[in-house]
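Reader: I would like to learn how to read strand pairing and aromatic pairs in a model. Could you take me through them?

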Amino acid sequence: MTILVTGATGSVGRKVIDQLMAANEHVRASSRNPATAGLPAGVEVIAGDLGRLETLPALFDGVEKMYLISINGDRVLDAPDEVIDLAKQAGVRRVVSLSSSGRPYFSVEQAIEASGLEWTHVRPGEFATTKIDVWAPTIRAEGVARSAYLDVPTVPIHEADIASVVVTSLIEDGHAGRIYELTGPVQITQREQIQAIGEAIGKRIVIEELSPAEARANMIREGWPEIIADHILGYFVEWELEPPVATTTVLDVTGRPGRTFAEWAVDHADDFR
């Protein structure tokens with residue numbers, strides 16, 4: 001049985017591949033450039049692009065189960081109905097999609113549900129990996145982390161936990177028709193996150209609080225698109241009024257407690273050194 005992993009070089013996709021390989025599954029990965037994908041030995045890497053339908057028949061050939069990302073590059077899939085139809089024609093019978101709890105990609109989810117295939121939607125909230133883009137440059141260069149909303153509770157999730165839910169849904173039965181909303185296991189403020197990173201790298205990090213306007217300008221100056229900066233900061237406004245609640249979904253689905261942010265910081269310490 002072949003399991004296809006799209007978005008194979010992304011932070012979740014790589015963990016999905018690692019966990020499937022550890023479970024002795026036959027894994028095929030799609031990549032726009034297989035020569036530079038850098039995936040583990042034993043993974044069948046095939047050139048494919050969800051935005052180019054002509055590449056998909058070869059990619060789907062012989063595949064029974066598929067992990068499907070809802071975003072192609074930085075855009076939602078342009079033609080989800082056509083993508084899913086090609087997968088179904090090729091014999092794919094189970095699809096696990098990666099969506100979002102904050103903004104579910106309904107066009108992709110609806111195309112999957114309408115296909116008659118077995119489906120599971122995995123909707124994580126805040127990715128802990130966003131902290132690498134936000135804080136790593138200044139922590140490495142200055143030993144400083146700057147942010148607004150330092151004391152607002154959040155529930156960021158380790159990408160390995162997202163992958164664990166995806167892999168469980170792919171290789172085990174009993175998950176068809178389920179929507180899994182994922183968070184980290186406990187609430188943690190951004191101030192506490194920075195402190196956890198400091199402990200992981202063995203270095204005291206200076207914390208500088210910014211106003212929302214300063215944080216927005218800072219993100220845009222560092223290359224974040226305005227719409228993304230506004231989207232992220234908008235969550236903090238919501239969480240300040242109504243803090244997000246930690247779910248037990250990772251534990252419920254996989255039987256393993258979700259990894260804490262402190263564990264994530266240790267796993268990613270080299271990104272901040």
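Reader: Which residue in β4 is the bridge partner of Leu4?

Author: Leu4 has Met66 as its bridge partner in β4. Do keep in mind that this is a predicted model.

Reader: How many bridges join β1 to β4, and do the strands run parallel or antiparallel?

Author: There are four bridges between strand β1 (residues 2-5) and β4, and the two strands run parallel.

Reader: Which residue in β7 does Met66 stand opposite?

Author: That is Val95 in β7. Strands β4 and β7 (residues 94-98) also run parallel, joined by five bridges. Met66 therefore has a partner on either strand: Leu4 and, in β7, Val95, with buried meaning under 20% relative accessible area when we come to cover.

Reader: How many of the seven residues of β4 are buried?

Author: Six of the seven are buried, and strand β4 (residues 63-69) is mostly covered.

Reader: Let me try a single residue. Is Ser31 buried or exposed?

Author: Its relative accessible area is 8%, and buried means under 20%, so Ser31 is buried. Ser31 belongs to strand β2 (residues 26-31). Leaving aside residues up to four places away in sequence, Ser31 touches Ala37, Val45, Ile46, Ala47 and Gly48.

Reader: Now the rings, please. What describes a pair of aromatic rings?

Author: Two quantities do: the distance of the centres and the angle of the planes. In this model the count comes to five aromatic pairs. One of them is Phe236 with Trp239, at 5.2 Å centre to centre and 80° between the planes. Planes over 60 degrees apart count as edge-to-face, so this pair is edge-to-face.

Reader: Where do Phe236 and Trp239 lie?

Author: Both sit in helix α9 (residues 226-241), three residues apart, which is about one turn of the helix. Phe236 has a relative accessible area of 5% and Trp239 has 14%. Both values are under 20%, so Phe236 is buried and Trp239 counts as buried too.

Reader: What kind of pair do Trp264 and Phe272 form?

Author: They form an edge-to-face pair, with 6.0 Å centre to centre and 75° between the planes. Trp264 and Phe272 are both buried.

Reader: Which residues form one aromatic cluster with Phe236 and Trp239?

Author: Tyr149 and Tyr235 form that cluster together with Phe236 and Trp239.

Terms used: Residues numbered from 1 in each chain as written. Predicted model: local features only at pLDDT ≥ 70, side-chain atom pairs only at ≥ 80, totals over all residues. Heavy atoms only, no water. Buried < 20%, exposed > 50% of the residue type's maximum accessible area, 1.4 Å probe, protein only. Contact = heavy atoms within 4.5 Å. Pairing = 2+ DSSP bridges. Phe/Tyr/Trp six-rings, centres within 6.5 Å; stacked < 30°, edge-to-face > 60°.
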